[in-house]
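Please look through the sequence and the model below before reading on.

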Amino acid sequence: MISILAPAQPLSWQERLSSVAAFAVPGLALWLPSGYSYGAVLLLLGTLLTLNRWPRQRHEAFTWWFAASMLAMAVVWAAQADPAEHFGRADRPAKFILGAACLLFVTCYPPRPRALLAGLAVGSLGAGGLALWQMYGLHAERAWGHTNAIQYGNLALCLATMLALYTGAVWRQLRISVRVLCILGVLAGLDASVLSQSRGGWLALLLALPLGLAWLYMRRRETFRAVGLGVAAIVVVLMVFNGGVLMERVERMEHEIQTYDQRGEAGNSVGQRLEHWRFAWDIARERPLLGWGFAGYMAEKADRVAAGRYHPSIVEYKFVHNELLDQWVKLGILGPAMLLLFYALPLAMFLPKRERMKNYERDAELGAHALALRLCGTCIPVLYIGFGLTQVFFAHNSGIMFYLFMLMLLWAALRSVERQLDALAPPALASGALVQ
């Protein structure tokens with residue numbers, strides 16, 4: 001059996017750098033300030049040092065399409081930049097442009113999958129530990145990490161979900177000690193999400209979980225029951241330790257929805273979002289094709305609030321608290337079209353279809369890691385779609401960086417593993433050669 005944990009050939013310095021980045025992006029993401037940036041900087045360094053190599057290499061069609069989608073998103077964010085931000089107007093577009101270059105580099109020099117698994121475990125444990133310290137050591141109202149509570153909680157949930165998927169796929173290849181560490185990491189990441197009290201993340205998980213269970217039921221029924229029991233056990237553990245926090249947030253959400261519906265109260269978290277959505281929906285339908293632009297959106301909001309048509313709580317915010325609505329109201333139909341493509345393309349790249357996994361049985365270890373990488377790459381856009389229902393996630397540095405660099409690292413590692421699987425002779429052919 002070929003082992004990806006002990007490669008037969010020494011890694012090049014570029015592959016070593018990519019592997020360190022693959023650990024650092026998830027591993028440092030949430031428990032260090034801007035922790036997701038360290039791995040990204042390493043990839044950018046490798047990209048710049050090999051400018052004479054990776055542009056001349058052949059890349060797969062999906063790699064080029066993903067790079068093109070990043071450049072398209074750079075244009076989208078440049079078109080709706082706040083003129084008052086001056087240099088900051090280039091911040092978001094620059095991340096997408098540099099991300100496209102890093103994607104081409106890392107697919108030429110892919111990381112080892114074990115680095116990603118280790119990073120997911122360390123990142124989830126670190127996020128959980130920091131959340132516990134902030135809540136019970138600093139007696140904070142909610143855990144926020146080194147960013148805001150919503151971004152922190154949602155990314156912790158994303159880390160925990162990916163770790164759970166990866167661990168489940170490679171379970172048989174892991175030592176008992178590593179299994180225990182990964183299980184603790186999943187619990188720690190989910191606990192960080194609960195302690196952040198980010199309800200949008202819980203909604204995203206509720207949307208994603210049925211998709212995952214449905215795929216298991218159709219493709220791997222033998223593990224469906226075990227996974228279902230595992231999910232139930234995790235829910236019980238989280239309820240035992242954090243049931244009060246969960247119930248308080250759910251009850252508060254119900255109360256805020258009722259007060260908005262009955263009295264139009266928009267001075268709270270839920271009410272302000274509902275009012276924002278009402279305003280954005282109203283004016284987006286007036287200019288559905290071209291949108292209002294950033295300046296027009298802010299000016300129209302101020303005018304209509306001053307006229308008493310909407311609650312004053314929405315005036316100060318630049319974003320609508322819904323990713324699709326925000327793009328539509330500012331850029332017209334092109335905005336949400338580009339955003340949906342940016343979600344759909346990674347799904348098309350990673351979706352674990354039966355025909356894509358036909359070679360996975362050639363080597364149990366390689367096949368298990370390939371499946372794990374596909375599952376993780378699929379879950380990121382699914383969860384981001386859920387996050388985007390109540391938050392403009394790509395308006396934040398953490399949201400952009402995590403999406404871009406986690407997906408490119410997963411994609412590079414996946415294609416490397418699948419090339420190794422493709423290079424293996426089918427068992428029947430190998431047996432025939434031995435007989436002759």
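Ala22 is buried, with a relative accessible area of 0%, where buried means under 20% relative accessible area, exposed means over 50%, and partly exposed lies in between, as found with a 1.4 Å probe and protein chains only. The model is a predicted one, in which local features need pLDDT of at least 70 and side-chain atom pairs count only at pLDDT 80 or more, while totals for chains, interfaces and linings use all residues. Residues are numbered from 1 along each chain as its sequence is written, and side-chain values use heavy atoms, with hydrogens and water left out.

Ala22 has its place in helix H1 (residues 13-27); helices here are DSSP runs of H or I with at least four residues, numbered from the N terminus. Leaving aside residues up to four places away in sequence, Ala22 touches Pro111, Ala115, Leu116 and Leu409, a contact being heavy atoms within 4.5 Å. Between Ala22 and Pro312 there are 290 residues of separation in sequence and 44 Å in space, taken from C-alpha to C-alpha.

His59 can be found in the loop between helix H2 (36-49) and helix H3 (61-79). Is His59 buried or exposed? With a relative accessible area of 14%, His59 is buried. Its contacts, again not counting residues up to four places away in sequence, are Trp54, Trp64, Leu104, Thr107 and Cys108.

The next topic is charge. Side chains of opposite charge can pair when their charged atoms come close. A salt bridge is counted when a side-chain nitrogen of Lys or Arg is within 4 Å of a carboxyl oxygen of Asp or Glu, and a search of the whole structure finds 13 of them. One of these joins Asp91 and Lys95, whose closest N and O atoms are 2.6 Å apart. Both residues lie in helix H4 (residues 91-108), 4 residues apart, which is about one turn of the helix. Asp91 is partly exposed at 38% relative accessible area, whereas Lys95 is buried at 13%.

Another salt bridge brings together the side chains of Arg304 and Glu286 (2.9 Å, N to O). This pair links distant parts of the chain, with Arg304 in helix H11 (residues 293-306) and Glu286, 18 residues apart from it, in the loop between helix H10 (269-284) and H11. Arg304 counts as buried at 6% relative accessibility, and Glu286 counts as partly exposed at 46%. Elsewhere, salt bridges that share partners join Glu60, Arg374, Arg415, Glu418 and Arg419 into one network.

A cavity is a set of points, on a 1 Å grid over the protein atoms alone, where a 1.4 Å probe fits but cannot get out, and its lining residues have an atom within 4 Å of a point. The whole structure holds 2 cavities of 30 Å³ or more. About 60 Å³ of space lies in the largest cavity, a volume being the space filled by probe spheres set on the points, which are joined across faces, edges and corners. Its lining is made up of Trp77, Gln80, Ala81, Asp82, Glu85, Arg92, Phe294, Lys318 and Phe319. These lining residues divide into 4 nonpolar, 1 polar and 4 charged, where Ala, Val, Leu, Ile, Met, Phe, Trp, Tyr, Cys and Pro count as nonpolar, Asp, Glu, Lys and Arg as charged, and the others, Gly among them, as polar.

Methods
Helices (H or I, at least four residues) and strands (E, at least two) are DSSP runs, numbered from the N terminus. On a 1 Å grid over the protein atoms alone, a cavity is a set of points where a 1.4 Å probe fits but cannot get out, and a pocket is an open set with protein on both sides within 12 Å along at least five of seven lines; lining residues have an atom within 4 Å of a point.
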